[in-house]
Each structure stands twice: as C-alpha cells, then as structure tokens.
Amino acid sequence: MSAPAIVGVAAAVVPSSARRHRRRRERAVVAVLLAVVLALFVLTMMVGSYRLSPLAVVESLLGLSDDPSVDFIVRDLRLPVATTGLAVGLALGLSGIVFQKLLANPLASPDFVGISQGASVAAVLSIVIFHLGAVAVAGAALAGALLAGLLIYLLAWKGGVTGYRFILVGIGVSEFCIALIGYVLAKAQLFDAREAMAWLVGSIGQAGALQLRILLVALVVLLPVALLLGRWLGALELGDDAAHALGVRVEVARVVLLAVAIVLVALATAAAGPVSFVALVSGPIAVRIVRTGGPVLLPSALVGAALVLLADVVAVHLMPAALPTGVVTGAVGAPYLIWLLATVNSEGRGG
Amino acid sequence: MTTTTASLRQAAPTPSHRNGAALGIGLVVLVGVLAVVCVMSITLGTRGIGLGAIIDAFRDRDDSVDATVIRDLRVPRTLIGLVAGAALGLSGALLQGLTRNPLADPGILGINTGASAFIVTSIALFGLQQMTTYIWFAFLGAATAMVIVYGVASFGREGATPVKLALAGAAVSAGFYAITTGVVVTNVDALNQMRFWQVGALAGRYWPELERSAPFMVVGILVALTLGRSLNGLALGNDMAVALGQNVARTRAIVVVSVALLAGAATAACGPIVFVGLVVPHAARALCGPDYRWILPYSLVLSPIVLLTADVIGRLVLKPGELQVGVVLGVLGAPAFIALVRKRSLAQL
C-alpha cells in the first residue's frame with residue numbers, strides 16, 4: 001500500500017542509476033521488519049502460563065483450530081493484548097518520526113514536546129481528583145493530548161509556525177504539565193497516587209476493548225494518509241522556501257501532518273498510557289536501518305511495533321515479577337540504538 | 001558572529017539585544033537582583049526574620065532561635081540554591097551549545113537518570129539510608145552517563161557530532177530510566193527513598209550537602225565561563241569551526257567534563273530540577289542573542305535568581321507548609337517562558 005509513496009519520493013530525489021539498488025534495499029528493510037513484527041506478534045500469544053506452539057496460535061487466529069480452550073486463550077485472552085501492542089507501537093513509531101522530521105530535531109518526539117504530558121495531566125487529574133473509571137480516564141487522556149497539541153500550535157503561531165518555536169513552546173507546556181502532575185501526586189491519597197503512577201508508567205495490558213477499537217480504526221484510516229503525506233515531509237525537510245517551490249503548501253502540509261501525528265499519539269496514550277521512549281527511538285533506529293535516506297515512515301512505525309511487542313514479552317514473561325510494558329521499552333530500544341549509533345555512519349537530519 | 005541568518009531573516013526588531021554596553025548593564029542589574037533575592041531567601045519564610053538578625057547571627061554566634069534558623073537552615077539553603085542554580089543553568093547552556101539542540105538538558109542527556117539509577121541501585125544493594133551518602137552515588141551515576149554518552153557518540157569517522165550526542169544521550173537516558181523503574185517497582189525501600197530525592201528541592205539541604213558538592217560546582221563554573229568563544233565556534237558548525245582553527249574534539253571533551261561536574265554535583269545536591277537547566281538558558285538566549293560570551297554569564301546569574309525566587313514563593317504560599325520548588329517553577333515559570341518565547345525574535349541554536 002505504501003509502494004506509490006515510496007516510488008514517488010525515490011523518483012523525485014534519487015538519480016536513476018543508483019535508484020534501483022536503493023529501492024531494493026528499502027523494500028527489503030520493510031519486508032524484514034514486517035516479518036519481525038509478525039513473528040513477535042505470534043510470539044506474544046505463544047508465551048504465558050500455558051505455552052502454545054506457533055502453529056496452534058496461527059491456526060486459532062485463522063479459525064482452523066478445533067480446540068475451544070486454545071481458541072479461548074488465544075482469541076479472548078492474548079489477542080487483545082498483542083493487538084494493543086501492535087497498534088500502540090505502530091502509532092507511536094509513526095508519530096515519533098513525523099514529529100522528528102517535521103520539527104527537524106531528533107529529540108523532538110511527542111513525549112518531549114508536551115503532547116504526552118498533556119495526556120498525563122488529564123489522566124492523573126481524572127484518577128486522583130475525580131475518581132473516574134478506565135474508559136473515562138482514557139477519554140480524558142485523549143482530550144488532554146489533543147488540547148496540549150492545539151495549545152502548543154496556537155501559542156507557537158506568530159504569522160506561521162517554525163519548528164524551533166514549536167519546540168520551545170512545547171518545552172514550556174511540558175514543564176507546566178509536569179509540575180502539575182508532581183503537585184497532584186504529592187497531595188493525593190496513597191492509593192490514588194499509586195494508581196496514577198501505574199497509569200503513568202504505561203502498559204499495553206491496561207487497554208480496554210473500546211480504546212483498542214478506536215485506536216485500530218484510527219490506524220486504518222491515518223496510517224495510509226500519513227504514508228501518502230510522507231512525500232510532503234521530504235519536501236518540508238528541504239526548508240520552507242524549497243518546499244514552496246516544489247509546490248507544497250507549507251503551512252497546510254505542516255498542520256495536517258502534525259494533526260495526524262498528534263491524533264495517533266493521543267489515541268495510543270489513551271489506550272496504554274505514556275509508554276516511554278518508543279516514539280523517541282523508533283525513528284532514529286529506522287533511519288539507521290534504512291540507510292539510503294529514503295522514506296522512513298513505514299519502517300519507523302514497524303520498529304515501534306517491534307519494540308513494544310518485544311518489550312511486553314520481556315516485561316511480562318522474562319522478569320522475576322511481571323512489570324508494566326513502559327518499564328522495559330527503554331531498556332529494549334536503547335541498547336540497539338546505541339549499537340547503531342556506534343556502527344552506522346549516517347547523519348540523518350531530524351532522525 | 002553575533003547574528004545568524006535566521007535572526008537576520010526575521011528582521012529582528014530589537015537591535016538593543018546585540019549591544020554590548022546594554023548587555024553589560026543588564027548583567028549588572030541582574031547581579032543586583034540576585035543579591036536582593038538572596039537576602040529575601042534568608043529573611044522570608046515560615047518564620048520571618050529581620051535584616052539585622054542576619055548580621056547578629058554570624059557576629060555574636062548566639063543561640064537564639066533566629067540565629068540558629070539563619071545559620072543552620074536559611075544560609076546553607078540559600079547558598080545551595082545559589083551555587084546549584086548557577087551550575088544547572090550553565091550546564092544546560094553548555095549542553096544546548098554542544099548539541100545545538102534546544103531540547104538538550106541534563107535530563108534528556110542521561111545525567112539525571114544516571115544519578116537516579118545509581119541511587120536506587122545502591123539503596124537496593126547496600127541498603128543506604130543517609131542522604132549524604134547518596135551524593136557520591138548520584139555523582140558517580142551522572143559521570144558514568146556522561147562518559148557513556150560521549151563514548152558512544154565519539155565512535156565513527158566524524159566524531160561526537162551534535163546529532164549523535166543528542167541521540168546517544170536519549171538512548172542512555174532510556175536505559176537508565178528502565179533500570180531505575182525496574183528497581184523501584186521491585187524494591188519498596190528504594191521507592192520510598194527515591195520519592196524524596198526525585199522531587200528536586202532545596203528544602204532539607206544543609207551544610208553537609210553543600211560542602212560535598214560545592215567544590216565540584218565551583219570548578220565547573222569557572223571552567224564553563226571560559227568556554228563562550230569555543231561554543232560560538234561550535235555554533236557555526238563542525239566544518240566552519242575547524243576552518244577557524246578550533247580544536248573541535250578538544251572543545252567538546254572540555255564541555256562534556258564541565259557538564260558532568262556541574263550537573264552531576266548539582267543534581268546530587270538537590271535532585272533533578274529540570275526547569276532551570278532546560279528553560280533558563282533559553283530565556284538567556286532570548287534576552288541576549290546567540291553570543292555564548294553573553295549567554296553563559298546571563299545563565300549563571302539568571303538561574304539562581306529564578307531558582308531562589310521560586311523557592312521563596314514556595315515557602316510563602318502554603319505557610320506553614322511548603323510548595324516544592326519544582327512545582328512553583330513549572331506553574332509560574334513555564335507560562336512566563338512561553339510569553340518570552342512569543343515576544344522575542346529568537347536566536348536559533
């Protein structure tokens with residue numbers, strides 16, 4: 001589904017002699033990442049107190065199994081968690097790279113410029129002060145993230161929005177939210193504070209069915225949109241003037257891309273909490289795997305999904321006690337990124 | 001060198017902030033403000049104290065309550081705010097210059113998380129209970145983080161470039177964060193101790209913390225203040241700095257070492273106070289333009305002003321209780337910062 005976008009950008013940027021080789025590498029990377037994500041997706045449904053073979057999982061998923069207890073374990077118990085991991089990872093990986101490219105800053109993932117903090121404030125307030133249920137907390141987090149994104153955009157608007165001012169205003173909003181969270185947590189009853197802390201760490205196991213369904217619908221709609229708009233991203237990276245010359249309506253392109261990324265990260269955070277570092281490291285990892293300087297949106301989304309799924313396997317099954325996913329995501333992605341930084345000599349701008 | 005293409009393009013409406021004399025006067029005024037803030041920090045609080053009592057407390061060495069409060073509580077607290085504030089602000093300015101990234105601060109580059117990880121691990125392994133012993137572990141953690149970040153970023157042909165430094169910092173930070181959270185989730189003792197350290201406060205920081213951390217910070221401050229010209233070179237980009245005859249690798253190494261000293265000791269002394277290291281350098285840059293020979297002294301003076309003012313406000317709003325300085329900084333400081341960002345034509349990093 002992404003082939004037209006990839007071909008389009010590659011054709012625009014790369015001279016024909018080297019083009020075929022690069023395109024082949026980009027396709028191979030996407031294929032390998034897809035295989036890894038699928039393998040991890042199946043793996044998360046195999047492990048647990050009752051172990052299943054990969055064949056049993058796949059059979060059950062395809063409706064070929066005749067063992068109702070296996071069907072129950074796979075479809076009712078493990079599939080929702082695995083799907084959440086997949087969806088949250090895709091959403092975070094995609095929105096992370098869109099932010100990093102759009103703001104031309106490898107550190108500017110949504111969890112460092114205030115979006116996740118907006119979600120967190122709303123969630124913590126609704127847990128500690130209003131004692132809301134899980135669905136309402138998710139709704140509050142969604143509203144908080146969208147509101148934070150809108151607020152940052154409006155406050156950064158001064159006859160246009162530059163990436164630099166967006167980041168600085170984002171830092172301000174983020175610090176404001178962090179202070180509020182700290183205050184509310186310190187004043188809260190211990191029980192509420194622990195519940196809020198658990199939410200803040202983030203775990204794909206906590207996602208409810210409704211949140212998951214909304215996130216999936218959004219992904220089905222927005223993932224192709226984002227991949228198509230990736231073309232604009234390449235032009236915007238060349239600078240506003242150059243992008244304008246290439247026929248991109250700069251401000252419109254930026255608003256639409258930002259909106260897509262913010263909605264995705266807001267829904268992912270509403271479903272699983274602010275799972276840390278996935279949005280930050282997926283993009284840089286993808287840039288260094290692809291290496292051609294070609295499109296990285298789809299690879300980044302896949303890296304995000306792989307990170308979350310792997311982190312969940314590690315957190316739930318390899319630790320002495322089951323941990324929330326958010327504890328482990330950093331530990332899973334960081335060493336790999338460090339290794340890539342040390343070995344791959346590529347200086348991708350904004351990634 | 002004092003203008004960038006970015007600010008030229010925006011046709012900066014305020015020529016005054018490139019004017020050396022005006023900046024000098026501004027700095028003198030800020031030093032005066034800092035002095036006033038220091039006096040306020042010693043006199044204001046749950047227990048109001050007259051100005052004369054300060055002098056009496058040190059001249060007569062009497063044992064009145066006022067004198068004790070001043071000598072043992074207020075003065076060390078103010079001094080820590082002064083030195084640690086300056087250290088945090090300077091380290092943020094150095095890191096932003098080094099990585100040329102507005103998001104770079106001791107938090108995202110792994111220094112705070114390194115310190116946290118070492119503290120909780122030491123508590124879990126050795127059962128440490130005293131705040132004063134934390135300092136060494138916090139310091140060790142911060143230094144370790146900085147060494148790893150710089151080491152990882154230095155691999156490869158082009159050395160420790162800004163992008164690689166920033167990403168290595170983020171990755172190391174992520175790794176240490178996982179260690180900290182993992183230990184805290186499994187060890188109740190560590191969680192309990194960690195809660196207090198992680199708040200980031202000047203309350204409860206007295207002479208022992210000051211004596212242990214101040215020497216590092218003072219050395220770091222002195223080194224940092226000499227780096228203005230080198231950072232101006234780095235700001236032009238690697239190639240240009242080399243062409244101007246600068247030893248880029250050496251400059252980066254010196255910056256990294258002084259950041260480790262400054263942020264390591266400051267974080268060890270008063271916990272992770274992110275706002276000062278991240279926001280105040282931006283405020284300094286918004287006030288005085290892109291020249292690091294001005295940004296560094298402005299950060300040096302502005303940071304303790306902001307930190308101590310927030311601390312005093314925190315003491316006064318909830319009498320007889322206290323509002324943590326981090327909360328005050330975020331709630332009052334962040335909107336002020338956003339207003340500043342909107343008002344000024346910004347000198348980009």
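I count two residues as in contact if their C-beta atoms, placed from the backbone, lie within 7 Å. The model I looked at is predicted, so local features need pLDDT of at least 70 and side-chain atom pairs count only at pLDDT 80 or more, while totals for chains, interfaces and linings use all residues. Residues are numbered from 1 along each chain as its sequence is written, and chains are lettered from A, with ligands numbered from 1, in the order in which they are written.

**Entry: chain B overall**

I looked up the secondary structure of chain B and noted 15 helices and zero strands, where helices (H or I, at least four residues) and strands (E, at least two) are DSSP runs numbered from the N terminus. Of the 349 residues in chain B, 56% are buried; a residue is buried if 20 or more other C-beta atoms lie within 10 Å of its own, exposed if 12 or fewer, and partly exposed in between, with C-beta atoms placed from the backbone. Among the contacts in chain B with a separation of 6 or more, I noted that 77% come from residues 24 or more positions apart.

**Entry: helices 4 and 12 of chain B**

I next followed helix 4 (residues 65–99) of chain B to helix 12 (residues 248–270) of chain B, and found that they pack at an angle of about 145 degrees with their axes 8 Å apart. Axes here are lines fitted to C-alpha atoms, for helices over the stretch in contact, and angles run from 0 to 180 degrees between N-to-C directions. On the side of helix 4 of chain B the contact includes B:I80, B:A87 and B:L98, and on the side of helix 12 of chain B it includes B:R252, B:L262 and B:C270. I sorted the residues of this contact into 16 nonpolar, two polar and one charged, with Ala, Val, Leu, Ile, Met, Phe, Trp, Tyr, Cys and Pro counted as nonpolar, Asp, Glu, Lys and Arg as charged, and the others, Gly among them, as polar.

**Entry: the nonpolar core**

I then asked how many residues the largest nonpolar core has, and which have the most contacts inside it. The core has 240 residues, and those with the most contacts inside it are A:A91, A:V265, B:A87, B:A142 and B:L262; such a core is a set of buried Ala, Val, Leu, Ile, Met, Phe, Trp, Tyr and Cys residues joined through C-beta atoms within 7 Å. Leaving aside neighbours within four places in sequence, I listed the contacts of A:V265, among them A:A91, A:P110, A:I115 and A:A279.

**Entry: where the chains meet**

I looked up the contact between the chains, in which 42 residues of chain A touch 44 residues of chain B. On the side of chain A, helix 7 (163–187), helix 12 (278–290) and helix 14 (325–343) each supply at least two residues, and helix 7 of chain A gives the most, with 14 residues. By class, I noted 31 nonpolar, seven polar and four charged residues on that side.

Helix 12 of chain A and helix 14 of chain A pack at an angle of about 30 degrees, with their axes 10 Å apart. I therefore recorded helix 12 of chain A as roughly parallel to helix 14 of chain A, since angles under 35 degrees count as roughly parallel. Their contact includes A:V281 and A:I285 in helix 12 of chain A, and A:G333 and A:L337 in helix 14 of chain A.

In helix 12 of chain A I also looked up A:L280, which counts as buried because it has 31 C-beta neighbours inside 10 Å. A:L280 and A:A108 are 172 residues apart in sequence, yet 7.6 Å apart in space, C-alpha to C-alpha. With neighbours within four places in sequence left aside, the contacts of A:L280 include A:G96 and A:F112, and also B:A170.

Most residues other than glycine have a negative phi. I noted that A:A104, which is not a glycine, has a positive phi of about 50 degrees; A:A104 lies in the loop between helix 4 (68–102) and helix 5 (115–128) of chain A, and is partly exposed, with 17 other C-beta atoms within 10 Å. In chain B, the phi of B:R100 is near 45 degrees, again a positive value, and B:R100 is found in the loop between helix 4 and helix 5 (111–126) of chain B. Is B:R100 buried or exposed? B:R100 counts as buried, because it has 20 C-beta neighbours inside 10 Å.

Last, I looked up B:Y206, in the loop between helix 8 (188–199) and helix 9 (207–225) of chain B, and it counts as partly exposed because it has 18 C-beta neighbours inside 10 Å. Not counting residues up to four places away in sequence, B:Y206 touches B:D72, B:L73 and B:P76.

Methods: Angles under 35 degrees count as roughly parallel, over 145 as roughly antiparallel, 65 to 115 as roughly perpendicular and the rest as oblique.
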